[in-house]
Amino acid sequence: MERSGPPQAPDKGKGKPPWRSEGLPGGKPKINWWRFVVTLLVVYAAFFVVSSFVDSGSVETISYTEFTKQVNAKNVKDIYAQGLSVEGDLRAAAKNPESGESYTKFATEIPAFANTDQLDQQLATGQVEITSQPITRGFFSNLLLSLLPVLLLAGLWIWIMRRGASMMGGGLGGLGKSKAAKPVEAAKVRVTFEDVAGIDEVENELVEIVDYLKDPDKYRRLGAKLPKGVLLAGPPGTGKTLLARAVAGEAKVPYFSASASEFIEMIVGVGASRVRDLFEEARKVAPSIVFIDEIDAIGRARGGAGGIGGHDEREQTLNQILTEMDGFSGAEGVIVIGATNRPEILDPALLRPGRFDRTVQVGLPDAAGRTAILGVHTRGVPMDGEVSLDQLAKTTPGMTGADLANLVNEAALLAAKRGKEKVTMADFADALEKLQLGAARSIVMPEDERVRTAYHEAGHALLGMLQPGADPVRKISIIPRGRALGVTLSTPDTDRYAYDEPYLRGRITGALGGMAAEQVVYGVITTGAENDLEQVTMIARGMVGRWGMSEKIGPLTILPNDGQQPQASPVTLAMVDEEARRIVDECYERAVQVLNGNRDKLDGIVAALLEHETLDEAGAYAAAGLTSRSTVAIEQ
Ligand SMILES: Nc1ncnc2c1ncn2[C@@H]1O[C@H](COP(=O)(O)OP(=O)(O)OP(=O)(O)O)[C@@H](O)[C@H]1O
Ligand SMILES: [Zn+2]
């Protein structure tokens, strides 16, 4: 909950943690429009050059009188009429009396008043062939004309191919040949289970596979079948890639890795052929591991909305993977490890027996897990004796392995910048603050703004402290960071997995606390509560429309959580809004009431904030005259 500055566009790409950048080389290729236009021009120019060569003689425009004269002379071989325009050929060349040119191809107009009955008769007796085809062009130009679209398509195709090929790092010759899926030599995968911490139960599930890869014959002799594919499912940064590498490293087998999203950026057909090559290589050196990251990019359930052009490619690539997995009996010893953040959207065909028939959930680490992960990442870091990894782990619920690796790195960077020999707890605390709250911004705030921000944050904090069951307040700060003027951070003691109604109401009340404090103290509200209100709205609508916490609506899912259209009548939707509003109103009333009744505590926090700018958990509770509930956090 933060008090934010003037409204701004939300940060883009905030969701992608920076350590993922090593994943995909490059972004989407730029379309080279310049090259596209040049290709079109060249094809057109070629057409005109060729057609001017093969076109025999040009078309002569003649008068109607001249035309009827030629008809009467039975010199007209054929005509093509469209409305009153006529084009045609003569049997023998004639001279146009007007221009003096000799011609065989002609064009003319029939005057509206002409006696066409008479003309018909003349044409009939003159044995003129009346065709429906324009005949003024020669055979070659006709051919060219009909070929034009084909030529254009071919040009376009070559151009796309070139692009596709260069994307894969080869010329045209490299088309369809796999260049990217280079195996990592067995010896080069140095990662082992030693490097993976805090997810032992996941490791245990993979130990069997490592054992199989080490000595497939042991299993073959007994006719035991091992899974061909293992799906690692879990949030980003929880170590799925790391695990796959560790399996290869432990078993000392070659490791092939590819990201599924790379396949669908290829042109149609190439993705599938790359999959084929990938598996071919893997089989050659089996036992081996094929790791496919972001498998949901191609394994999304079929029939869903596909991007333009990407749809077919996705399906072909997916089918190829399925074929490859069906194709090997398991005796070859190629194990496919897939990773996804969204197992629920995967095509069921992928999860059928004989494919990814084992799913391993890789969850967020618990406190003990976080301690272990911090242990792994601080192995090479000289640390001050007073640094307690346990303590750090307790203050970082919800963080992934990747977050923790980042935390250690930030702390080491800070210590180095400060010219220290060892990383201290203070460095860790500052690094954590920077990661959790954002980097501080050096702007000078007018004093009245500071005070108002302090009241806003104190409002959030005090409600967090006073409501039973609310997450403890970890930090309050009125140092501007990013677009936030101040921040209040509260995180649960233990890792929470489900929320009950009183807790959610508490969250709403707490989020409204900033606004309520401004209301209580100043009688007016500022724009600083925008983020708070977004949160409030999201929770309240969720309670009513998704989690069945409104009696009026009942236990129905009305607002799907994936941003799809709500499945309900307008009346029900209006009722959802009404119910959400009721909950928010009740919470706001409560917030104002609590703050009014505890004005001394509110003022206490504000005074401390104005003095210290940032308060930690103990400082915040002390300033409010409360004893902290959670100096000794109890895990699970
Ligand atoms: N359990 C863990 N133990 C030790 N380090 C970890 C662990 N989990 C993650 N890390 C660290 O985080 C980094 C990123 O993790 P990794 O790339 O494996 O995550 P991921 O689950 O594959 O993420 P994504 O879904 O984004 O691909 C690892 O290289 C490692 O440094
Ligand atoms: Zn706020």
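**The ligand and its surroundings**

Mentor: The shell around ligand 1 is made up of 11 nonpolar, seven polar and three charged residues. Please keep in mind that this is a predicted model.

Trainee: Which residues come nearest to ligand 1?

Mentor: There are 21 residues around ligand 1, and those that come nearest are P236, G239, T241, G401 and A402.

Trainee: And which helices supply at least two residues of that shell?

Mentor: Three helices can be named here: α7 (240-251), α12 (367-377) and α14 (401-417) each supply at least two residues of the shell around ligand 1.

Trainee: What about domains, which ones does the shell draw on?

Mentor: At least three residues of the shell come from domain 3 (186-361), and at least three come from domain 4 (367-437).

Trainee: Let me step back. How many helices and strands does the protein have?

Mentor: The protein has 21 helices and 14 strands. Its chain has 636 residues, of which 35% count as buried.

Trainee: How much of the contact total comes from residues 24 or more positions apart?

Mentor: Among the contacts in the protein with a separation of 6 or more, 76% are between residues 24 or more positions apart.

Trainee: Now the helix pairs. At what angle do α2 and α3 pack?

Mentor: Helix α2, residues 64-72, packs against helix α3, residues 116-125, at an angle of about 40°, and their axes are 9 Å apart. The two helices are therefore oblique to each other.

Trainee: Which residues make that contact?

Mentor: On the α2 side they are T68, V71 and N72, and on the α3 side they are L119, Q122 and L123. By class, this contact of α2 with α3 has three nonpolar, three polar and no charged residues.

Trainee: How do α16 and α19 cross?

Mentor: Helix α16 (residues 447-466) and helix α19 (residues 570-597) cross at roughly 90°, with axes that come within 10 Å. That angle makes α16 roughly perpendicular to α19.

Trainee: Which residues meet there, and how do they divide by class?

Mentor: From α16 there are G459, L462, L463 and L466, which meet A591, V594 and L595 of α19. The contact of α16 with α19 divides into six nonpolar residues, one polar residue and no charged residues.

Trainee: I would like to change topic to the backbone. What is the phi of K74?

Mentor: K74 has a positive phi of about 55°, although K74 is not a glycine. Its place is in the loop between α2 and β3 (76-82).

Trainee: Why does K74 count as partly exposed?

Mentor: K74 counts as partly exposed because it has 13 C-beta neighbours inside 10 Å, and a residue would be exposed with 12 or fewer and buried with 20 or more.

Trainee: And what is the phi of E613?

Mentor: E613 is a residue other than glycine, and its phi is positive, near 70°. E613 is placed in the loop between α20 (599-612) and β14 (614-616). With 15 other C-beta atoms within 10 Å, E613 is partly exposed.

Trainee: Is P555 buried or exposed?

Mentor: P555 counts as exposed, because it has 9 C-beta neighbours inside 10 Å. P555 is in the loop between α18 (530-545) and α19. The C-alpha atoms of P555 and G545 are separated by 8.6 Å, and these residues are 10 residues apart along the chain.

Trainee: Where is D89 found?

Mentor: D89 is in strand β4, residues 85-95. D89 has 19 other C-beta atoms within 10 Å, so it is partly exposed. Between the C-alpha atoms of D89 and E129 the separation is 9.9 Å, while along the chain the two are 40 residues apart.

Trainee: One last residue. Where does V253 lie, and is it buried or exposed?

Mentor: V253 lies in the loop between α7 and β8 (255-259). V253 is buried, because 24 other C-beta atoms are within 10 Å. V253 and V334 are 81 residues apart along the chain, and their C-alpha atoms are separated by 9.9 Å.

Note on methods: Residues numbered from 1 in each chain as written. Chains lettered and ligands numbered in written order. Predicted model: local features only at pLDDT ≥ 70, side-chain atom pairs only at ≥ 80, totals over all residues. Axes fitted to C-alpha atoms, helices over the stretch in contact; angles between N-to-C directions. Helix = DSSP H or I, 4+ residues; strand = E, 2+ residues; numbered from the N terminus. Parallel < 35°, antiparallel > 145°, perpendicular 65-115°, else oblique. Contact = placed C-beta atoms within 7 Å. Nonpolar A, V, L, I, M, F, W, Y, C, P; charged D, E, K, R; others polar. Near = placed C-beta within 6 Å. Domains from an automatic or database assignment.
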